[in-house]
Amino acid sequence: FFLSVDADALKKKPVSFQPYPDIVRAFLINHDDGSTGLELSSMVPHDIEISNIQWRGNKDSSVIRYFRPERTIDFPLTLAATPAGEIPTARRIACAAVEDRNQFSLEITASVKGGNRSYKQVATDYFAPLKRHPIPNARIERQLDKHPFLRLMEDGKTVHVRQGTWQVSDSIVIPSDYRLKVDAGTTLTFSERDGLFAMGAITCKGTAEKPIVFRGTPAADGQSSGAWQGIFVQGGEHPSTWSYVTVRDTRGIHRKGWTLTGGVTFYESTVHLDHCVFANNHAEDALNLIHSTFRMVDTDFFSTVSDACDSDFSDGDVQNGIFRDIGSAGGGDAIDISGSRISVSGTRFVNVSDKALSVGERSTMTAKDVVVEDSGTGAASKDGSVLELSNARITDVSVAALMTYVKKPEYGPARITAIGVDYSGTAPFARAEEGSEIVVDGNEIEPEDMDVQALYDTVMKKGARQ
């Protein structure tokens, strides 16, 4: 027999595609000149058809405002497919913003070309493209002219800060291929908008009698100081070695197109800190080490708004030192590590608002001979991490002495192995979420159902005390 096929009917029948979570990437960009632009691209290896774009009320979704592009758009609007492994090709549309912008979201209705399923995507507010590199750079001659306390040493590669007390009226920028050396007994005082940026190592050789101080401008009362941006160090062939250095009053780098969470940030660096002090920090992290190797001996952290020491994808060793009054705004950790391998020994933690030791995102930590007093949680291992804790004393915590849980499911469960932990207090000694483990002196703690999100919405919430 013969089967008759209507070719035109086949062309009209929608093609069935596998379902996708999203098919369009949509960014709403606010430019410096006040104009607005919509950037659209396909997230799948198929052409996409945009059938509608409109402003929809956030509180009342029935309230609609028309989308007003600068040039007329014919719907459906087609976005080119993005083959696997390739960068999407973006379609940019200049448009007018809606009145009461905070009351509306821009909704895009789309479908795979030839498909029969409709997707709705809300545009995400995003940054305008940078017109220049955000990390400051400068010629060394200009820095020497601008800052009379700087001089170039005979090797032609080392910038020396002359001993004394100096007011920094503009940011110090040390170009790549140069090192900065600061002598004992030197104090650099920075104004609110300024900081220290070094594209190479910083060597600070202070002593107990003549420490080196980086600070904000003292207030009129003489008892407090204004906040300043802080210090950024990137790479360099040599390690940054600091001894008897005090860094205080930092609030983090905030420049056009560039923001850092650390009051002091080391990036891709080798760092040795000996008898240093980080105090009165207003940034998210007093010290942030990223893709770095570090050794920290007898280094103290006092009075931070949020976290004290944050290690991201780094290897390090912390010996002795004290962390006191950490996280005054709430949710502050003393040592917070992600994707790192860290050892901690002989360190004391007092009045930490959240976690004294926070081990996350597939990190490993070995901690011994530590003391935790009057804090939120003594030690927490989460998201595929492992903590080995021995010979510790933990007292007066408000949440738990030991905790394991999963905050980010993609990493999986966590583990703590504890030996010789002396605990006193009314909060639970150990809490392990189902799937994660805590083993104390060879005995496994019974796991429990745990509402991790509720913890982070309350007792572990950043800025909970503000």
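Is R179 buried, partly exposed or exposed? With a relative accessible area of 31%, R179 is partly exposed; here buried means under 20% relative accessible area, exposed over 50%, and partly exposed in between (1.4 Å probe, protein chains only).

1. A word on the basis. This is a predicted model, in which local features need pLDDT of at least 70 and side-chain atom pairs count only at pLDDT 80 or more, while totals for chains, interfaces and linings use all residues. Residues are numbered from 1 along each chain as its sequence is written, and side-chain values use heavy atoms, with hydrogens and water left out.

2. The structure holds 14 salt bridges (a side-chain nitrogen of Lys or Arg within 4 Å of a carboxyl oxygen of Asp or Glu). One of them pairs R179 with D155 at 3.8 Å, N to O. This pair links distant parts of the chain, 24 residues apart: D155 sits in the loop between β11 (150-152) and β12 (158-161), and R179 in strand β15 (residues 179-183). Strands (E, at least two residues) are DSSP runs, numbered from the N terminus. D155 is partly exposed too, at 46%.

3. Do look at E107 and R56, whose closest N and O atoms are 3.1 Å apart in a salt bridge. E107 is buried at 10%, whereas R56 is partly exposed at 23%.

4. D315 and R341 also form a salt bridge, at 2.8 Å, N to O. D315 lies in strand β32 (residues 315-319) and R341 in strand β35 (residues 341-345), 26 residues apart. D315 is partly exposed at 31%, but R341 is exposed at 55%.

5. Finally, a network: D333, D354 and K355 are joined by salt bridges that share partners.

Key: Helix = DSSP H or I, 4+ residues; strand = E, 2+ residues; numbered from the N terminus.
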